[in-house]
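These notes record what I looked up in the structure shown below. I began with the whole chain and ended with a single residue.

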Amino acid sequence: MSAGKSVRLFLADGTPGGLLTAEIMNWTGHVVAAPRSDLAALLKRPEATRTGIYILLGDDPDSLGGQLAYIGEGDDVSKRLYQYARSEDQNGKDFWDRAIVLTSKDANLTKAHARYLESRFITLALRASRARLTNGTTPPPIVLPEADVSDMEYFIEQAKIVLPVLGVNLFRSPRTTLVGSRSETVESATDSPLFEMTLKKSGITATAQEVDGEFTVLEGSSARLKWTGGEGHSYTSLRTKLEQDGTLVPTSDGSAMRFTRDHVFASPSAAATIVAGRSANGRAEWLVQNTRRTYGQWETEGVEEAMKQEVSDE
């Protein structure tokens with residue numbers, strides 16, 4: 001069984017869409033998130049004047065459901081946020097509508113720590129491909145003592161836990177995490193078995209896995225070469241987007257499309273539809289690899305047994 005985590009959220013104005021703070025028990029890190037309309041309240045908070053990392057988030061007008069992001073660091077984060085609240089003709093940034101600030105409750109983050117975290121977070125965001133970064137460059141990681149590197153990597157691990165709770169999935173990479181300069185495959189207790197979908201007549205095979213509650217088609221999977229689901233289909237735009245951003249590219253022989261990277265879908269059916277190039281029921285099309293068990297059957301395993309146990313306990 002995986003170890004649980006206690007995340008404490010505080011809604012500063014009592015509303016879920018306003019300014020809020022987040023902490024993890026026994027972690028010195030502290031997160032504050034606020035919509036742009038609450039920027040004044042955020043700038044007044046003591047956390048905003050500390051050394052730390054800030055993330056600006058907004059919708060990407062050039063991508064279906066996509067997101068734009070900017071990651072930065074500062075000795076006094078509030079000054080950076082104030083600068084970027086200006087219009088672009090005044091060297092500000094117009095795209096963002098939400099700001100996230102990561103600092104330390106014990107105020108022990110130094111400028112060197114912040115620069116290290118900035119570089120690592122940018123690298124993780126690029127690898128996860130959840131948003132289009134507006135950062136012009138990716139600064140190389142600053143050299144820190146070994147003990148400091150360990151502390152900063154722990155800071156990153158905890159941030160990657162608490163941020164998705166706030167709906168910030170910028171750094172969520174389904175299968176791989178970077179530790180220093182090493183790349184490691186990480187499988188948690190929440191990982192599903194591998195699922196496979198085949199279109200035998202077209203010679204297409206795709207693999208997928210549900211990791212941390214997200215259904216992800218894995219790099220190297222193939223998909224139908226052309227969309228055959230009709231122009232008015234709800235997934236036509238998504239298929240076009242995946243081709244335009246390079247997630248789907250033609251195979252070397254031109255017989256199919258190939259996933260160039262892992263891609264998270266909203267549901268197994270969305271994934272199956274993109275692979276098949278037409279409407280498809282993902283709960284029936286995806287099979288546990290090397291079995292005839294469907295995703296739907298796997299998903300409900302243990303439900304009847306749990307209900308029988310509940311009845312017997314009564």
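I took contact to mean heavy atoms within 4.5 Å. On that basis, among contacts in the chain between residues at least 6 apart in sequence, I found that 60% join residues at least 24 apart.

I noted that this is a predicted model, in which local features need pLDDT of at least 70, side-chain atom pairs count only at pLDDT 80 or more, and totals for chains, interfaces and linings use all residues. Residues are numbered from 1 along each chain as its sequence is written, and side-chain values use heavy atoms, with hydrogens and water left out.

Overall form. I looked up the secondary structure and found 9 helices and 17 strands, these being DSSP runs numbered from the N terminus (helices H or I, at least four residues; strands E, at least two). The C-alpha atoms fill a box of roughly 60 × 60 × 40 Å along the principal axes.

Burial and surface. I read that 43% of the 314 residues count as buried, meaning under 20% relative accessible area with a 1.4 Å probe, protein chains only. The chain exposes about 16,300 Å², an accessible area from the Shrake-Rupley method with a 1.4 Å probe. Carbon and sulfur atoms supply 49% of that area.

One residue. I then turned to T273, which lies in helix α6 (residues 268-276). Is T273 buried or exposed? T273 is buried, because its relative accessible area is 3%. Leaving aside neighbours within four places in sequence, T273 is in contact with W227, H233, Y235, R278, S279 and A280.

Terms used: Buried means under 20% relative accessible area, exposed over 50%, partly exposed in between (1.4 Å probe, protein chains only).
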